[in-house]
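Me: I am new to this entry and would like to learn how to read it step by step. Could we go through it feature by feature?

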Amino acid sequence: MSRVIHVFRQPERFVAGTVGEPGDRAFYLQAIEDARTISVLLEKQQVSVLAERIEALLAEIARRFGSEVDTGQEVESSDNDPLAVPLEEEFRVGTMGLGWDADSRSIVVELLAVTEEEVDESVVLDDTEEGPDALRVFLSPLQAREFADRAEKVVSAGRAPCPLCAEPLDPQGHVCVRLNGYHQRSPMGDVSGAGE
């Protein structure tokens, strides 16, 4: 069966979002153009890496092309709306690709479905017949900056990190690796005064 490549050349919306409570969230990227909506599932770390790489690519574009490409605009109105429903997962993301299309002056984000076989690099950002299904989104530099800004907020909106080990804190408690799972006690015994 030949691959399906969902192409969004002028998306009205491309955002990261979650479903579920902190500690049990599923992460999605969603592209919307005209009446088409495609949602793909991915890991929190993938969302974080994609946002970081987009920021790095924007900096490189600004360095190479200067004022020819407007990459330095501040994000004015950030999209804080939830993901569009019904939320139907097209596929789970395995490989991600990122590039610059000089003709359309767009950042191209490509998300490829997980496959059992190793993905050949030549398939990324290519229209070959063979390979995993893909979502390809063209973003203006401003749209890319807005995506990265929202993605970073979505990732950091989860559970608060432990001040000692930086692992996420659970509402039920936390076994901190820095304390080897134990609470510190003073040499005088219980410092809370409960023993008096």
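Reply: Let us begin with confidence, since this is a predicted model. The mean pLDDT of the chain is 84, and 86% of its residues reach 70 or more. Over residues 188–196, however, the pLDDT is below 50, and this stretch has 2 contacts in the model beyond near neighbours in sequence.

Me: Which strand runs parallel to strand 5?

Reply: That is strand 4, residues 36–42, which is joined to strand 5 by 2 bridges; here L41 has R92 of strand 5 as its bridge partner.

Me: How should I think about the side chains along a strand?

Reply: In a regular strand the side chains alternate between the two faces of the sheet.

Me: Which residues of the largest nonpolar core touch the most other members?

Reply: This core has 31 residues, and F14, L29, L111 and L135 are the ones that touch the most other members. Several elements each supply at least two residues of the core, among them strand 2 (13–19), strand 3 (26–33), strand 7 (134–139) and helix 2 (141–156). The largest share, 7 residues, comes from helix 1.

Me: What is L135 in contact with, leaving aside its neighbours within four places in sequence?

Reply: The contacts of L135 include F8, F14, A31, I38, V40, F91, V109 and L111, and H6 and E110 also belong to the list.

Me: What share of the chain is buried, and what share of the contacts with a separation of 6 or more joins residues 24 or more positions apart?

Reply: Whole-chain totals put the details in context. Buried residues make up 34% of the 196 residues, while residues 24 or more positions apart account for 61% of the contacts with a separation of 6 or more. The accessible surface comes to about 12400 Å², of which 47% belongs to carbon and sulfur atoms.

Notes. Residues numbered from 1 in each chain as written. Predicted model: local features only at pLDDT ≥ 70, side-chain atom pairs only at ≥ 80, totals over all residues. Heavy atoms only, no water. Pairing = 2+ DSSP bridges. Helix = DSSP H or I, 4+ residues; strand = E, 2+ residues; numbered from the N terminus. pLDDT = per-residue confidence, 0-100. Contact = heavy atoms within 4.5 Å. Core = buried A, V, L, I, M, F, W, Y, C linked by side-chain atoms within 4.5 Å. Buried < 20%, exposed > 50% of the residue type's maximum accessible area, 1.4 Å probe, protein only. Areas by Shrake-Rupley, 256 points an atom, 1.4 Å probe, with all protein chains shown as cover.
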